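Here is a short tour for a first look. Keep the sequence and the 3D view side by side as you read.

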Protein chains: 2
Amino acid sequence: MVTLKDIAQEAGVSVMTVSRVINDVPSRVSEEKRAHVKKIIKQLGYVPNSSARSLSSRSSKLVAVLVKDDLIESPYGSQMVGHISPLIQQRDYSPLLYIVKDYAYITKQLRTWNVDGAVFLGLFDSDLTRIQANHQIPLVFIDSYSPLRQLTNVGIDDEKGGALAADHIASFGHTEIVFVGHGSDDSPVLNARLKGFQRMLEAKGLTLPPERILPDALPSVDTLVKLCRGDKPVTAFFATSDYLALKIISALRAIGVRVPEDCSVMGFDNLEFGAISSPPLTTVGQDIKRKAAFAADLLFAKIENKNTPAQNITLDVELVKRGSVVKPSQASPYAP
Amino acid sequence: MVTLKDIAQEAGVSVMTVSRVINDVPSRVSEEKRAHVKKIIKQLGYVPNSSARSLSSRSSKLVAVLVKDDLIESPYGSQMVGHISPLIQQRDYSPLLYIVKDYAYITKQLRTWNVDGAVFLGLFDSDLTRIQANHQIPLVFIDSYSPLRQLTNVGIDDEKGGALAADHIASFGHTEIVFVGHGSDDSPVLNARLKGFQRMLEAKGLTLPPERILPDALPSVDTLVKLCRGDKPVTAFFATSDYLALKIISALRAIGVRVPEDCSVMGFDNLEFGAISSPPLTTVGQDIKRKAAFAADLLFAKIENKNTPAQNITLDVELVKRGSVVKPSQASPYAP
DNA sequence: CTGAAAGCGCTTACAG
DNA sequence: CTGAAAGCGCTTACAG
């Protein structure tokens with residue numbers, strides 16, 4: 001392994017001079033020496049040892065990307081990771097990817113590697129106060145709804161998204177509607193979507209009874225059958241992710257319910273898979289790439305200047321009209 | 001920041017004793033001292049500094065996951081990352097995720113962090129000789145077709161996959177078939193699928209003319225129209241990924257070709273999205289999770305014992321029959 | 001512009 | 001079982 005010392009010897013200068021050349025420090029080295037040293041660095045294929053640098057400088061050039069374990073399996077989560085990593089690398093930092101379950105693990109990894117910053121993806125709201133208290137480094141959250149004031153976060157207007165969906169579905173004349181995908185208590189993202197959805201429905205004189213609010217999972221065949229063939233057959237589903245919406249469409253078809261003829265289905269996210277499915281999925285669109293870009297921007301702004309104030313950015317969402325939401329059929333096979 | 005020294009002082013022992021407690025070295029510390037030190041470590045919330053350990057021990061407990069840039073956008077690539085990361089973390093290593101374009105970047109990151117091993121995902125075949133020559137650490141490739149003998153690799157039987165697809169499609173009586181997704185010259189994975197596909201077609205007395213072998217991208221509307229409405233209208237497409245297959249189905253529908261009534265489409269991978277699409281996608285299945293597990297196993301076997309021989313594992317593929325490949329319609333609207 | 005010294009927080013190697 | 005010394009490869013801080 002080639003070290004600073006080797007370069008220094010070879011170039012006939014001190015290690016400090018080499019170090020300064022490598023780090024492009026302003027207290028300039030004479031152009032002559034600089035060029036000479038650079039040549040030798042290249043010649044010997046020298047690569048600085050990051051551990052050594054990290055140890056002495058207390059800056060690791062490492063950014064942790066922490067993803068809640070249940071999220072990495074979703075297309076949304078994996079796309080987010082795919083978008084964020086390159087943005088970290090572009091800035092000459094290295095992304096440490098952790099799929100995490102519990103808080104203790106987070107703290108340990110952040111500390112042990114002395115990371116310069118971290119991006120949190122998924123639901124860490126319950127641990128958030130502790131996380132912020134225990135780490136002085138720049139932290140950026142994505143989709144957090146923590147009430148903490150001093151929080152740097154990038155999210156979207158989930159409530160508006162829910163309202164957009166309700167408005168769109170109701171505008172076709174649907175009255176028997178199901179919401180699929182409320183989270184558990186600690187999932188404010190999904191609950192915000194539900195809130196917006198309910199609010200808009202009520203504003204239109206419609207109600208969403210509790211038995212038509214389903215959790216964030218594919219409903220059982222039983223449940224689906226009951227909903228679609230009951231007294232008042234359901235004519236529209238709103239799912240809080242495209243992924244879930246697509247699964248619902250598939251499940252509905254399996255029990256003989258046609259989409260969109262017999263039943264409309266709407267999603268959330270605007271993933272590519274929705275656009276190329278049949279029927280093309282009507283959805284609430286969010287810009288994942290933009291979200292990732294903001295997260296990276298906020299993080300590095302704080303890394304470069306610790307005094308950057310906490311910012312909570314809320315990106316807009318948009319209605320993406322496609323083919324999976326249509327007028328309820330007058331003569332549904334399940335109607336009386 | 002709490003250091004070894006702090007713990008040592010607090011416990012009234014030397015730093016070496018603390019170090020030994022932390023690393024559970026066999027030259028045991030007396031149970032009494034061990035317990036005492038552990039208590040203080042917990043009390044003070046001590047977390048070892050990985051940079052320092054890496055610097056002095058020459059083992060970083062870091063594993064690089066290197067993904068070719070074009071792959072991270074595909075569901076296959078992001079799923080693979082999602083599966084591999086936890087397997088690295090489970091072994092108490094940290095995954096450094098790099099989305100990479102070129103070889104120089106790889107070498108630099110591997111060296112600078114002194115990683116203990118690396119997993120390569122995607123096409124690095126052209127750089128592979130150099131990569132192996134320049135790094136003495138354990139390296140595991142996924143889907144590599146390098147002729148290098150001493151290579152640890154996990155792949156699948158791509159040729160068999162292609163053959164399976166051809167056999168299945170031909171068994172329905174299709175004769176006008178298109179292959180979509182041959183790679184550029186440096187994509188042996190896709191070319192192996194093509195080879196198997198062609199071989200089986202020929203064995204069945206069918207031929208695949210060059211103009212019916214399309215690259216790994218969604219064909220233009222023009223191309224699609226020509227293929228489906230030409231002299232001998234195409235009745236079946238085989239795409240080398242589910243993702244591409246789904247896009248083709250969508251594009252075909254956009255020009256009025258029904259799937260599967262007018263035209264069959266088959267994919268490769270067996271991603272969940274194919275299973276829930278309409279019609280459910282017939283495909284060649286591979287077990288991504290298993291592939292990831294093998295990659296991790298091979299990597300850590302080599303990390304734990306440098307003498308572990310190079311292994312090239314080829315996993316099997318299977319035909320997954322669903323609804324997107326059917327008999328060619330006798331009266332296609334495009335037939336004369 | 002340039003360099004000698006000290007130190008970052010650990011582990012290795014040696015000694016007892 | 002236990003510890004004092006040296007060193008991993010850098011940077012910080014000081015001096016000139």
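## Two loop prolines in chain B

This is a predicted model. Start at Pro260(B), which sits in the loop between helix 12 (242–254) and strand 9 (264–269) of chain B. The peptide bond that joins Val259(B) to Pro260(B) is cis, with omega at about 5 degrees.

Pro279(B) is placed in the loop between helix 13 (272–275) and strand 10 (282–285) of chain B. Ser278(B) and Pro279(B) are likewise joined by a cis peptide bond, and here omega is about -10 degrees. For background, most residues other than glycine have a negative phi, and most peptide bonds are trans.

Asn270(A) is not a glycine, yet its phi is positive, about 65 degrees. Look for Asn270(A) in the loop between strand 9 (264–269) and helix 13 (272–275) of chain A. Is Asn270(A) buried or exposed? Asn270(A) has 22 other C-beta atoms within 10 Å, so it counts as buried; the cut-off for that is 20 or more.

Asp92(B) also has a positive phi, about 70 degrees, and is not a glycine. The loop that holds Asp92(B) runs between helix 6 (75–90) and strand 2 (94–100) of chain B. Asp92(B) has 7 other C-beta atoms within 10 Å, so it is exposed.

## Helix 3 of chain B

Helix 3 of chain B covers residues 31–44, which makes 14 residues. From first C-alpha to last, helix 3 of chain B reaches 20 Å, close to the 20 Å expected at 1.5 Å a residue. After helix 3 of chain B comes Gly45(B), with a positive phi near 60 degrees.

Which residues of helix 3 of chain B are buried? They are Val37(B), Ile40(B) and Ile41(B). Seen down the axis of helix 3 of chain B, these buried residues fall within an arc of 105 degrees, so they line one face of the helix. An α-helix has 3.6 residues a turn, so residues three or four places apart point the same way. The buried residues of helix 3 of chain B pack against helix 1 (4–11) and helix 2 (15–23) of chain B. On the other side of helix 3 of chain B are exposed residues, including Glu31(B), Lys39(B) and Gln43(B).

Thr207(A) belongs to the loop between helix 10 (188–203) and strand 7 (213–215) of chain A. Thr207(A) is exposed, because 11 other C-beta atoms lie within 10 Å. Leaving aside residues up to four places away in sequence, Thr207(A) touches Leu201(A) and Glu202(A). Ser30(A) is 177 residues from Thr207(A) along the chain, and their C-alpha atoms are 76 Å apart.

## How the chains meet

In chain A, 39 residues are in contact with 39 residues of chain B. Helix 4 (50–57), helix 6 (75–90), strand 2 (94–100), helix 7 (103–112) and helix 12 (242–254) of chain A each give at least two residues to the side of chain A that touches chain B. Helix 6 of chain A supplies the largest share, eight residues. By type, that side of chain A has 17 nonpolar, 17 polar and five charged residues.

Chain A superposes on chain B by a rotation of 180 degrees with 0.0 Å of shift along its axis, at an RMSD of 0.0 Å. That is the relation of a two-fold axis. Both copies use the same surface: 100% of the contact residues of chain A recur in chain B.

Note on methods:
Residues are numbered from 1 along each chain as its sequence is written. Chains are lettered from A and ligands numbered from 1 in the order in which they are written. This is a predicted model: local features need pLDDT of at least 70, side-chain atom pairs count only at pLDDT 80 or more; totals for chains, interfaces and linings use all residues. Two residues are in contact if their C-beta atoms, placed from the backbone, lie within 7 Å. Helices (H or I, at least four residues) and strands (E, at least two) are DSSP runs, numbered from the N terminus. Ala, Val, Leu, Ile, Met, Phe, Trp, Tyr, Cys and Pro count as nonpolar, Asp, Glu, Lys and Arg as charged, and the others, Gly among them, as polar. Copies are superposed by least squares on the C-alpha atoms of residues with pLDDT of at least 70 in both. The expected span of a helix is 1.5 Å times one less than its number of residues. A residue is buried if 20 or more other C-beta atoms lie within 10 Å of its own, exposed if 12 or fewer, and partly exposed in between; C-beta atoms are placed from the backbone. The arc is that of the directions from the helix axis to the C-beta atoms.
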